[in-house]
Amino acid sequence: MTFFFRMFKAATLDWQLYEEVEHDRAATVQAALVVLLSSLAAGLGTAEGWSAAPFSVAAHLVTWVIWAVVIYWVGTHLLPEPETRANAGQLLRTIGFASSPGLIRIFGLVPEMRTPVFWLGSVWMLVAVIIGVRQALDYSTTWRAVVVCLIGWLIQIAVIMLATTSVQ
């Protein structure tokens, strides 16, 4: 399966694609490239000017890693199911491909579309992450994946807030 077809299947929320990339160690670089492309789209589509875009891209890349690591830990240590067998690489790959819908945020370059495209892309990506987490952690219900993603998201925000306040 080609890289762009994988991105398309991830954006269409195809659970089988997430199962596939979970087990394909070679897909880690592809997942990072998806995050890079999605981050670039977000950086260009949401930044107030081109000079802010590099910071926005870097911030999106860092948050991908933080969120994946937190989800891995919460999902495998705090809320695992008996069938849960996963490693951080599997979460990096599934969450990476779940960033595919984020490419829509490039349309934020059109000022009138910036806010709706940002929210559409964010919600779409969240749903994709939940599906990816459900597959990577072998959960029997989607609700457990929702809870794990929510906990991970809250911890990620706390870490980012702490990091940004300590830098200032």
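I began with helix α1, residues 3-11, in this predicted model. The buried residues in α1 are F3, R6, M7, K9, A10 and A11. I then asked what covers the buried residues of α1. The cover includes α2 (15-23), α3, α5 and α6.

Next I followed the chain out of α1. L13 comes after α1, and its phi is positive, near 65°. L13 is not a glycine, yet it has this positive phi. I placed L13 in the loop between α1 and α2.

D138 has a positive phi of about 55°, and D138 is not a glycine either. Where is D138 found? I found D138 in the loop between α6 and α7. D138 has a relative accessibility of 27%, so I noted D138 as partly exposed.

Then I turned to G96. G96 sits in helix α5, residues 88-97. Its relative accessible area is 0%, so G96 is buried; the cut-off for buried is under 20%. I wanted to know which residues are in contact with G96, leaving aside its neighbours within four places in sequence. They are A31, V34, V35, W64 and L91. I also looked up the pair G96 and L33. In sequence G96 and L33 are 63 residues apart. In space their C-alpha atoms are 8.2 Å apart.

Rolling a probe the size of a water molecule over the atoms shows where empty space is left. I noted a volume of about 950 Å³ for the largest pocket. How many residues line the largest pocket? I read off 30 lining residues. H60, T63, R105, W153 and Q156 are the ones nearest the pocket centre. Which element gives the largest share of the lining? That is α6, with eight residues.

Of the lining residues of the largest pocket, 20 are nonpolar, nine are polar and one is charged.

Methods:
Residues numbered from 1 in each chain as written. Predicted model: local features only at pLDDT ≥ 70, side-chain atom pairs only at ≥ 80, totals over all residues. Heavy atoms only, no water. 1 Å grid on protein atoms, 1.4 Å probe; cavity = no way out; pocket = protein on both sides within 12 Å on 5 of 7 lines; lining within 4 Å. Points joined across faces, edges and corners; volume = space filled by probe spheres on them. Helix = DSSP H or I, 4+ residues; strand = E, 2+ residues; numbered from the N terminus. Nonpolar A, V, L, I, M, F, W, Y, C, P; charged D, E, K, R; others polar. Buried < 20%, exposed > 50% of the residue type's maximum accessible area, 1.4 Å probe, protein only. Contact = heavy atoms within 4.5 Å.
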